[in-house]
Amino acid sequence: MALSLDHREGPRDECGVFGIYAPDHDVARLAYFALFALQHRGQESAGIATATRGGNIIAIRDQGLVSQVFNEHTLRSLVGDLGIGHVRYSTTGSSEWENAQPIVRDDRRTLALAHNGNLINAVELHSELRGRDVPFRSTSDSEIIAALLATHQADRIEDAVADVLPRLSGAFSTVVMTEDAVVAFRDPHGLRPLSIGRIDDPAGGRPAYCVASESCAFDLIGARFVRDVNPGEVVTLTANGISERQVTSGVRRAFCVFEYIYFARPDSRMGGTVLQVARARMGEILWREAPVDADVVIPVPDSGNAAARGVARASGLPQDDGFIKNRYVARTFIQPGQELRRQGLRMKFNPLREVVEGQRLVVVDDSIVRGNTTRQIVQMLRDSGAAEVHLRISAPPIKHPCHYGIDMSTREEMIAHDRTVEEVCAELGADSLHYLSLAGVYEAVGAPRTEHCDACFSGDYPLAGSEDANGKFALEHELPLVRA
């Protein structure tokens, strides 16, 4: 078993998707670099599927990082004009090879599919398909979407998507590929992100189009951000270019506000906002809400960097690196032994005594879930001679689980569950603690609460039946698989 050295206890990253139709381009290589840009959204597995027009679908997927799954040899074998890709952190189904994506189905039609999100009616749909003797090879809800589309009677894949989309409940930003089209679609609430990019032809020919979970993927492959896919919209990429079809409308938008705070890369653009800018504003508002007598601002790298700059700018205090981060450590298969295990966090972070000793510190991070890591960080700073440790968190207290594609702890494991801020502060051993208010979050992102989901903070779930949704392993433990 690998020892994860990620300092975060959760929430865990989710998934990233990419799709492209680009004749005269090396689509596998473009997909590889797009997934490389989206690696932060999932580190358990990676995959790419390509197809030639009217030809066969070829897919390579495996557990591991993008750079571990693919090399020059594998990329050369992925030929075609169109392709899709996926990086995964499991939110439904365990981290097994069978659950890696893109998923390939060969039923009435052959297709490959990659999905970011969670269906809250997965068990119901799975039971229906099994009742029709539809076989499954995985325990992820993503294969349910793939099976519904692969067995659909419509001649065109975009018509199948338009019919299936309203039957799905939950979060789903999805790309599906047949031998002649890439179709991208987003759930009616727009819970998870999905954007459209364009690659212009320097010679003035027809442009190529792509879709991705985040706009940072476009920057790396020379594409230009066009717009977000609308909630409930189906976007089709073919040899004729791009076409759009609005399938559902009039539904309350509920984009995940935690994307702004935590998940997305700071250089991505969401809802018209560059996240690096929004996160710095969160830091400025943090200081406005809870100033404190202090000497220096230090971020928990890298998650607290942008907000710490905002705190420093608003307070006039200097910002320094109180921790040095080992950027070359992700996982190790060598167990460290009991005496080293106690120092486990130092394998990723090492406090600088010369910076923190005798100082009153404002320590900035983006979130706290269970609190174990934050408690260790506070203790390391005290061991290094910090005079005071004042925690400033650029998110409200996380008190409720997410059912829409983020793997969070159970409510009982969350340190803020049934505790006041003062009680959490005492548990962490800090001198003071302030969470950014929910109003402060929306002020920072410049968007109304009525168009977002903040259920992990407020418990206000935008979809009916969310709290009764089945857990991550529902399809694994409750329903036997019918293996093809």
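**Sheet and helix packing in a predicted model**

V183 stands opposite T236 in β13. The model is predicted: local features need pLDDT of at least 70, side-chain atom pairs count only at pLDDT 80 or more, and totals for chains, interfaces and linings use all residues. Residues are numbered from 1 along each chain as its sequence is written, and side-chain values use heavy atoms, with hydrogens and water left out. Helices (H or I, at least four residues) and strands (E, at least two) are DSSP runs, numbered from the N terminus.

**The sheet**

- Six strands make an open, antiparallel sheet in the order β6-β7-β8-β9-β13-β14. Two strands pair if DSSP finds at least two bridges between them.
- β6 (103-106) and β14 (241-246) are the edge strands; each has a single partner, so one side of each lacks a neighbour in the sheet.
- On average, neighbouring strands of this sheet are turned by 20° against each other, direction ignored.
- β9 (residues 182-186) and β13 (residues 233-238) run antiparallel and are joined by four bridges.

**Helices on the sheet**

- Helix α5 (residues 141-150) packs on the sheet and touches β6, β7 (110-116), β8 (173-177) and β9. Contact means heavy atoms within 4.5 Å.
- The direction of α5 makes about 145° with that of β7. Axes are lines fitted to C-alpha atoms, for helices over the stretch in contact, and angles run from 0 to 180 degrees between N-to-C directions.
- Helix α6 (residues 157-164) lies across β7, β8, β9, β13 and β14, at about 15° to β9.

**The α5-α6 loop**

- H152 is in the loop between α5 and α6.
- H152 counts as buried, with 18% relative accessibility (buried means under 20% relative accessible area, exposed over 50%, partly exposed in between; 1.4 Å probe, protein chains only).
- Leaving aside neighbours within four places in sequence, H152 contacts R108, R109, A160, D163 and V164.

**Helix pair α4 and α5**

- The axes of α4 (residues 122-131) and α5 come within 10 Å and cross at roughly 45°.
- That makes α4 oblique to α5 (under 35 degrees counts as roughly parallel, over 145 as roughly antiparallel, 65 to 115 as roughly perpendicular, the rest as oblique).
- A122, L125, H126 and L129 in α4 meet D141, I144, A147 and L148 in α5.
- This contact of α4 with α5 has six nonpolar residues, one polar and one charged (Ala, Val, Leu, Ile, Met, Phe, Trp, Tyr, Cys and Pro count as nonpolar, Asp, Glu, Lys and Arg as charged, the others, Gly among them, as polar).

**Helix pair α9 and α10**

- The axes of α9 (residues 275-289) and α10 (residues 305-315) come within 6 Å and cross at roughly 45°.
- α9 is therefore oblique to α10.
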